[in-house]
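Please look over the sequence and the model shown here before reading the report.

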Amino acid sequence: MSPSHEAAAPRTAREQPRRFASWREHHGWSAAASLRRLAGRPVGTLLTVAVMGLALALPLAFWLLLGNVQKLGDALGQQQAVSVFLQPGQGSSVAQLMATQLRERPEVAEVRLKTPQQGMDELAKMQGFSGALHALDNNPLPYVLEVQPKPGAGADAVASLVADLRGLQGVDMVQDSGAWRQRLDALLAVGTRVVLILAAMLALAVLLVVGNTVRVDIASRAEEIGVLLLLGASRAFVRRPYLYAGIWYGLFSGVLAALLAVAIELVLAQPVAELSRAYDGSLQFGSLPPWLLLSVPLAAAALGWLGARLVSARQLRRAA
Amino acid sequence: MIRFDQVSKRYEGGHDALSQLSFEVPTGEMAFVTGHSGAGKSTLLKLLALIERPSHGVISVDGQSLAKVGARAVPKLRRRIGMVFQDHRLLMDRTVFANVELPLVIGAVAPAERSRRVRAALEKVGLLAYERQLPATLSTGEQQRVGIARAIVAKPSLLIADEPTGNLDPQLAMEIMALFTEFQQTGTTVLIASHDLPLIKRMKRRVIVLDHGRLVADLSAQEVL
């Protein structure tokens, strides 16, 4: 190392860590000071955090609901078959014949024949039905043909198939879950949009709550701000604890929202488990993904920081 | 340390607080600024701390012209000046320790060093035992001493005080003045605005007398009777 190099290098090398150390010092102090202030008035802090937390939990709860309705739809969609209920009294031979004929239609992928006994077994598996079924002398259930349209078959083709089925001799009722599924999908699309709008509005509300809380805080600390400026504090230094306060408000309310969402999941878990059993266990309770639960506090902290930032510059100019 | 050269300050509305004021205070000196209320004492101190800017003239502190200190550099300059106020301006919701610590926090001093220096400053003003108390639990004289500890904790080269004994009885006022004398003896330049003439006479220090913003007398320590 040349002498000239040596003379220049150590100074910058010393200066960099010192600047970093003082930056760290200031941030550590501001973060701790703002946390102490929040803890100093616990009721106000808890109320603010609760309002923000509930606001954030609402879209999460809707998301949860929507996700599960979607899953329910999927589970039902697997049985997207058109169910053809034969008239009571139509025997096995009629049902077999009808199934063979239907299998030959081009738009039909598969036809499954469900005997009254199979129907009875299925019902027996559902909670609460077994006792009632034992009380029956004979099986009142009809033969059912589960007609699965080909995946490529359009809505029109399925509709005309359904119309034909309704016209067949010996058919009591035709249940088409396709149209129902279409309606559910449309409803889910509307629901998703509603959740997004709701989330955006409530995020704005969170921003306003933080902004107003910090604004009031700054206004009530005008004297302290004046003293700090006289002692040689920079505006950035004066402002920093308020930005941290915004971050804390956001972080705590985000954690609260995530906890509330988990609590809602736990409350729903049991009834959904029963619902699942009713659907042969094919229905799984859709809980919120961990990435979402983790990102809510982070996003809320960012919102809190932004809210505090938006009001603090203006308010500090007024206070000092 | 302090140089005023033909300094005038006219407030909005046309009131002349200072007119063509010139004087110098060398490094390490202790001086009083006196005059009746409205003579311009507070304005003089406000100009030094860059709370106000002069309308005319040049002020320099430690060889640095204050006119060249931009808004962003004001905090840095203020950190070199210790300020004591008549109403002490302590933060009443923080402990004595936290109040005295503030200039060091602003100066980004490391925590261990901070406590050491806060304790040293509190010991100097005789209030180390009160470090955990809130200022409201102290007497007026003690609160003023906390204010002084806060002013000196960052070891400023210049200490300015605006009526530091205004609310105190003569006995306490003398104790406060003794503290200022102590700091001056360690090399700090001290400038005190006061209208308490009996006290100033007893101190036997240089006295700058203002009247309606003009310098009417500049008495050396020997000239003070």
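Predicted model: local features only at pLDDT ≥ 70, side-chain atom pairs only at ≥ 80, totals over all residues.

Residues are numbered from 1 along each chain as its sequence is written, while chains are lettered from A and ligands numbered from 1 in the order in which they are written.

Domain bounds come from an automatic or database domain assignment.

| Chain | Domain 1 | Domain 2 | Distance between C-alpha centres |
|---|---|---|---|
| A | 33-76 + 183-319 | 88-169 | 50 Å |
| B | 2-80 + 156-223 | 91-146 | 25 Å |

In chain B, seven residues of domain 1 are in contact with seven residues of domain 2 (contact: C-beta atoms, placed from the backbone, within 7 Å). Of the contacts in chain B with a separation of 6 or more, 69% join residues 24 or more positions apart.

Chain B has seven helices and 10 strands (DSSP runs, H or I of at least four residues for helices and E of at least two for strands, numbered from the N terminus). Its C-alpha trace spans about 45 × 40 × 35 Å along the principal axes.

Of the 225 residues of chain B, 43% are buried (20 or more other C-beta atoms within 10 Å of a residue's own, with C-beta atoms placed from the backbone). Helix H3 of chain B, residues 96-106, is largely enclosed by the rest of the structure because 10 of its 11 residues are buried. Among them are B:Val96, B:Phe97 and B:Ile106. Just after H3(B), B:Ala108 has a positive phi of about 55 degrees.

How values were computed:
Buried ≥ 20, exposed ≤ 12 C-beta atoms within 10 Å, placed from the backbone. Contact = placed C-beta atoms within 7 Å.
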